[in-house]
Every structure is written in structure tokens, then in C-alpha cells.
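Please look over the model below before reading on. The report then takes its parts in turn.

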Amino acid sequence: MTLKPLIFSLGLILFCSSPRALDIEKIQLPDMGDSAGAIISPAQEKEFGEAFFRNLHQQAEINQDVEIQQYIQTIGRQLASHSDTPSNPFHFFVVMDPNINAFAGPGGYIGVNSGLILLTEAESELASVMAHEIAHVTQRHLYRSIEKASKMSIPTVAATLAAILIGTQSPNMGQAALMAIQAGNIQFQIDFTRDHEKEADRVGMQTLAGANYDPRSMPTFFERLQQSTRYYGKGVPEFLRTHPVSENRVADTRGRAEIYPYRQYPDSLAYLLTKAKLTVLSAQDKRTPLQHFTTLEMQGTPEQRAVARYGMGLVHLENQQYAEASEIFQKLTAQYPTQPQYISALARTAMDAHDYEKAGKLFEKAINTFPSNDALKIQYTRSLVKNGQPQRAKQVLQSLSDSEKDQPYYYELLAQISADLKQPGESHRYMAEYYYASGETEAAIMQIRLAKQENDLSFQLQAILNERLNFFLSEEESRRAER
């Protein structure tokens, strides 16, 4: 399938590329052409966004921790529901990258780097970034900024967009990816306008306030970014230098924020726990976060000190110090029985220590307490698989909400469960969907072909395999035709 001439969303309108990247006018990429006002259909936008997200998995490390994913989706949906177009579909995710960055992609796909989350000092600051990106989508800035030349397939466009995103964070990698994709004839240009940024600030602040977050957090975060750039020299990668935070921008947003009455906006415990987990996951040397949390354990409110102990427990878990981790999580679970992250951490400790029976009991108890918690269900499913209970694992997995059933880990678990149930054809089929969702279409094709070689395939499964094989082959042919 190819897209008609249309205006499309590049998905790389950046909130701030890095605290080191401040005084640059715009990213310069080759010209894309003029669609003369053609309009992308909702179906095309949905397909384009899904293709973009699949290809992004090849170019960046998309966070697969279900608790972190659940948190970023929760805060994103809260903001989106108070935007000027609440019916617009949105998909929020975290990219494991230390650079200070966030971006809005086609189809409402909004990514936030782990580095940006860790830089924030309040939940409202994170919300202000996401509200800004939501505004870029609802105001159609992506469509108004970049136009698509005709006769380029969705897979190729999406792959190029993903390459550009990596180019904003790692120029060598991004340029290599672009060269591999465009083969000299696919050209892009991004033009970030001051009007779009000002409008995104204004609309985003309205969304922020409507969703019960602090409007003053937006200029506060801008100002911190601006101050932090003073300590860096000129050695900033060209692709990082987008969307400067000027004195005027800080002053403008601060003036708008003062319109709203002042009050306190406490951080949610989920925000603090998410930052703690990202701190541990992002650290190469686990001694650093352990020292960090050991210091924080003696500071703040009882809840904040509990979060510090949670972070210490996660460090012990990463270091395979299961007894130490279990002791911490056991005490936290007893002290805060209504906080799912604590009992989840305790159950995961048992699972990593290969005590699958104990892990299963803990997860089952947790799900009875939090029946709608998809993060717990995913982890419970994994413990059931490891404990040799594939049928029960399948039942739990199928109870997930629909939004979780298009994630790569969902298909990977289904493939493992099918293999354990002695259903190799189904296992290969689901592995194909896993690879496709991860942006690896050639590997998906191989899995379908392996599935078709199995004996005793039902007529229904054969039909599904034939349809998916034709679809995957068509995408690959479209991509190769444009190289």
C-alpha cells in the first residue's frame, strides 16, 4: 500500500532535545515536497502511526517494564482527556535514553525519554512536557510543518522517521540509518516554527491546568533547562540542537501560569516509584543509585522514605541479592498493602530467585486485590509460564485490556505459552506477530514460513498464516521498491 499525496506528521517535534542543546534554530533535512493541502485520512494516520512505532523499536530502546508503561499511559490519558480534542487516539511510551527529550509521532504516538523523566523534580513538570507534546498533536503542527511527496509506502516513511529520531540523539547512527533507507531519493526537512512552539505552550498549559497539574511547572522546567545549558560548550551534536528555550519563552509561559490561582500539587506515589525504578534501570554502576537511595532514606515524608527503601530493594534485586531485596519488599508490603508496586516487587524477587510457587501465590493474591492491574497480570503470566502452568497463564493473559494486546511482550508470551501447550504452529505464528510489532518484518516472514511447515494445521490457522504472510511480503516489497 502506498500513501496518496498527503500532509503527514513526522512525529519529531521535540520538547527539548537536551539541556545541552539550546541555541539552535532548527534541524535541517532535505526537502519533502508540497502536498498542496491534501489531507490524511484517519485510517491512514492510524496505519502510519503503528508503522512508525514498529520501526522505532529497531532504532531505540523502548521500555518494556509494564509498571513504567502503565504509569506513563495513566498520566498521558489523564492529560489527553482534558485536551481540546479528547477523542484523539494517543499512545504514550518511554524510551530508555539519557538524553533530555520528548517527541510526538504520527497517530498520536508520544515518547518521553527516561533522561527527561529523571530530570524532572515534580510530577507536574513531567506532565507539562507531555501536555506540550499533546498540543503539537491536537493543533496538527506535525501536519502543518511537513508534507509528504507522493508514492512512498508507509513502511518506508515510518522507517525513515524512526531513523531521524535516532539522528536527533546519535548523529552517526541516524545518518547511517537514513542513508540505508533513502538510497539517495527520499528527502525530508523539519521546520520548527516559533508560532507552533508558542501555541503548544499555550494550549499545553490549558491542558495541564484542566488535568489538575501545576501550570507553573512549565516555566519552572523551562528555566531549569535553560540554566543547565550554561555548563556545556559548543560540542553538541547538530541533531540535538532544536527548540531553544529563550528568555522570552520562559517569561511568556510564566506570565500565562500566573493567571491560575496558586495551590499545592503533591506528587503521586506512582511518579516517585517510577523515577526510583528508572534510576536503577538507567544506572550502569548500581553502587551509585544505592548511595543515592541510602541518603534519601533519612529524608522527607514517610512515603518518600519508603520510596527510597523501594529503590534500595530494586538495587539488591538487580544485584541478585534476593534475601536483602525480599526483606525490604516484605516490610513495604506490610506497611503499604494498597500499593501494588511493593507486592509486585516482592513477588518478582521470589520469581527471580526461582521460587516460582511463592511468586505465583503472591501474584495471585495481588491480582485479587487489584483485579484491573494489567502490569500485575503480565508478571503473573510470566511466573505461571516459568512454573509450568501454560493453560492458566493463557487465561490470565487473555484477561488483559485491549490496549495491552498489541504490545510485543504480549505476543512473545503467547508464543511461549503455545510452545508449552505443544502447539508449534501457533507458537511460530505469535512469534511472527512479536517480530512484526518490534519492527522486524523479515524475521516475522521467517516465523510464518516455519509455522506453515508444521503438520496438522487447522484450516483456520492456515488461512491466518497465508493472510499474514501475504501482508508481510507486501510490506517488504514496498520498502525494497523505494530503495
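The sections below cover the basis of the model, recorded sites, repeats, helix packing, aromatic contacts and backbone angles.

## Basis of the model

This is a predicted model: local features need pLDDT of at least 70, side-chain atom pairs count only at pLDDT 80 or more, and totals for chains, interfaces and linings use all residues. Residues are numbered from 1 along each chain as its sequence is written, and side-chain values use heavy atoms, with hydrogens and water left out.

Helices (H or I, at least four residues) and strands (E, at least two) are DSSP runs, numbered from the N terminus. UniProt positions follow the numbering used here, with shortened feature names, and the annotations may be inferred rather than shown by experiment.

## Recorded active site

An unreviewed UniProt entry places the feature "active site" at Glu-133 and Asp-201. The two span 69 residues in sequence, yet no two of their C-alpha atoms are more than 9.1 Å apart, so they gather at one spot.

Glu-133 lies in helix H4 (residues 123–138). Its relative accessible area is 0%, so Glu-133 is buried (buried is under 20% relative accessible area, exposed over 50%, partly exposed in between, with a 1.4 Å probe and protein chains only). Asp-201 belongs to helix H8 (residues 194–210). Asp-201 also counts as buried, at 2% relative accessibility.

Residues 306–339 are 79% helix and 0% strand. The end C-alpha atoms of that span lie 11 Å apart. Residues 340–373 are 79% helix and 0% strand. Here the end C-alpha atoms are 8 Å apart.

## Helix packing

Two packed helices are described by the angle between their axes and the distance between the axes. The axes are lines fitted to C-alpha atoms, for helices over the stretch in contact, and angles run from 0 to 180 degrees between N-to-C directions.

Take helix H14 (residues 322–335) and H15. Their axes come within 8 Å and cross at roughly 155°. H14 and H15 are therefore roughly antiparallel to each other (under 35 degrees is roughly parallel, over 145 roughly antiparallel, 65 to 115 roughly perpendicular, and the rest oblique). The crossing of H14 and H15 is left-handed, meaning that the near helix is turned anticlockwise from the far one by less than a right angle; clockwise would be right-handed.

Helix H18 (residues 390–398) packs against helix H19 (residues 408–420). The angle is about 155°, and the axes are 9 Å apart. That makes H18 roughly antiparallel to H19. The H18 and H19 crossing is left-handed.

## Aromatic contacts

How many aromatic pairs does a search of the whole structure find? It finds 13. Rings of Phe, Tyr and Trp (its six-membered ring) pair if their centres lie within 6.5 Å; planes under 30 degrees apart are stacked, over 60 edge-to-face, and the rest tilted. Phe-93 lies in strand E4 (residues 91–95) and Phe-103 in strand E5 (residues 102–104), so the pair ties together parts that are 10 residues apart in sequence. Both Phe-93 and Phe-103 are buried.

Tyr-436 and Phe-471 also form an edge-to-face pair, with 5.8 Å between centres and 80° between planes. This pair links distant parts of the chain, 35 residues apart: Tyr-436 is in helix H20 (residues 424–437) and Phe-471 in helix H22 (residues 459–481). Tyr-436 counts as buried at 7% relative accessibility. Phe-471 counts as partly exposed at 28%. One aromatic cluster is formed by Phe-53, Phe-93, Phe-103 and Tyr-109.

## Charges over rings

A charge sits over a ring if NZ of Lys or CZ of Arg is within 6 Å of the ring centre and within 35 degrees of the ring normal. The charged end of Arg-468 sits over the ring of Tyr-436, 5.7 Å from its centre. Arg-382 lies over the face of Tyr-409, at 5.9 Å from the ring centre.

## Positive phi angles

Most residues other than glycine have a negative phi. Asn-212 has a positive value, near 70°. Asn-212 is placed in the loop between H8 and helix H9 (217–228). At 47% relative accessibility, Asn-212 counts as partly exposed.

His-354 has a positive phi of about 70°, although it is not a glycine. His-354 is found in the loop between helix H15 (340–352) and helix H16 (356–369). Is His-354 buried or exposed? His-354 counts as exposed, at 59% relative accessibility.
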